[in-house]
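The sequence and model come next.

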Amino acid sequence: MSCLRHDFAKVKMNYSHRIFRFWLMLSLCVYCCTLQAQPPYADWDTYSDTWAATDGLGRSVPHERSGLSLPRANRTVGMFYFLTFDRGGEGPFDNTKILKAHPEAMTDIHNPAWGPLNESHYWGEPLFGYYASDDEWVLRKHAQMLSNAGVDVVIFDNSNAVTYDKARRTLCRVWEKVRSEGGKTPQIAFLCPFGNPGGIGSATLSELYDTLYEPGLYSDLWFRWEGKPLIMADPGFVTPKAIDDKSVRQPVALNHGETLGQVFTADRPFTAVGGQFPTWSAVGSGMTLSLFEGGPQCKLVARRKFETIGDSSVVLLDKLPLQPPGIYYLEMSQPIGRIGWWGLVGNARLGSFESGEPTQGFRSVYLHSSGDATARQLPSPYKPRTSLESAERARKIRSFFTFRTPIGRYDLTHPPSGSWAWLQNFPQAVQRSPSGAPEQITVGVAQNYNAVTHLAPMSFAGAFGRSYHQGK
């Protein structure tokens, strides 16, 4: 703008040029003022509920077809959502490609073509490639697509007693940011295990309560039903004994680009520190250990790279200058091959970290002090609750949620009131509230079910898969 004013003072122009230049300056001023008056992010309607669609077979869904596509009042749309894909392991494993190259693998779970057991598998390559469930770009895109489709809530499938803590935390953080920028996202809720063998149903609910709901994290995202956060869990599992913290010895894998860490307290001077690290029988695994004084992101004491670690070996960062008693942080990073860290996994947060964020459990820590023949493992800091504390905690959890008991079977014609299904065979039964009012119905594109064995893998004969139609 100062350059334009300078031109006016220095250059002789005819009347028409002067008028044009004045109009240009005025337009720029108005345009700039208009931009400055806008908020940094504007919430605007894309009218996604008016979009038409045609698929690859030429089938069209116009916006108005007998009024069926128009929104109806007092209806909520939920979609089950999976956070199962991670960046660890050898993958990606694509079932479609595996079966095309190795059809004999269809009936052999141990066929090497499948890769290691318990790895994440894709039925086909997703639209956005073989992404991980904590990919922030994908999570933002999912929020947009789900909102445009009119989905009000996503229900995370934790029915196998795995809560995918890191991916869940990333999704909540990303979706909260989307909302702060004026965008839209669905709400969130959770499906817990259908049964409670070994207390896994209670443990899953307890973990979600401890890590998300009790601290009040991302409360704007919580889906509320009847005035309280909805949880698909059996309230009968919420007993003082069942929801007590339980620690289980279990390894945690270290993925590329991530870190695992543990805060610990040394009660006497030491010259070596380390942990126990599984490789799941892999050969040539390694990693880097770092010791910090005071906690994460504090003063670095020592760092060393270790190669060719044996499975479940105790590895020590040794030959340290004598370290005084106090609080320290041991961190594992830069994995070579497949490697993890043994420890106790439970509901409580006891100084464990994953990529700089607190998480549940307590990782194994070994210290070697002067006078000790070998390194000693630090004792577990888990402390059981008193019976009164457990009873009060159970009462809080029962009163915090609106419970709907998840139904595992797909063929119930008269499901009990107060239960919600996650998959059902056609024709689906209506799920009813505790008072008996119609409340929920489930629509699925396929079920891992057949008429002979009922619950069955999709590879079994007669499975109600994606191509199942009229009994065939």
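Tyr410 is buried, at a relative accessible area of 5% (buried: under 20%, exposed: over 50%, partly exposed: in between; 1.4 Å probe, protein chains only). The model is predicted: local features need pLDDT of at least 70 and side-chain atom pairs pLDDT 80 or more, while totals for chains, interfaces and linings use all residues. Residues are numbered from 1 along each chain as its sequence is written, and side-chain values use heavy atoms, without hydrogens and water.

Trp422 is also buried, with a relative accessible area of 16%. Tyr410 and Trp422 form an edge-to-face aromatic pair, 6.5 Å centre to centre with 70° between the planes. Rings of Phe, Tyr and Trp (its six-membered ring) pair if their centres lie within 6.5 Å; planes under 30 degrees apart count as stacked, over 60 as edge-to-face and the rest as tilted.

## Aromatic pairs in the chain

The count comes to 29 aromatic pairs. In one of them, Phe194 and Trp422, the ring centres are 6.4 Å apart and the planes at 35°, so the pair is tilted. This pair ties together parts 228 residues apart in sequence, because Phe194 lies in the loop between S7 and H6 and Trp422 in the loop between S25 and S26. Helices (H or I, at least four residues) and strands (E, at least two) are DSSP runs, numbered from the N terminus. Phe194 is partly exposed, at 28%.

## Charges over rings

Arg249 lies over the face of Trp342, 4.0 Å from the ring centre. Arg338 lies over the face of Trp280, at 4.6 Å. The criterion is NZ of Lys or CZ of Arg within 6 Å of the ring centre and within 35 degrees of the ring normal.
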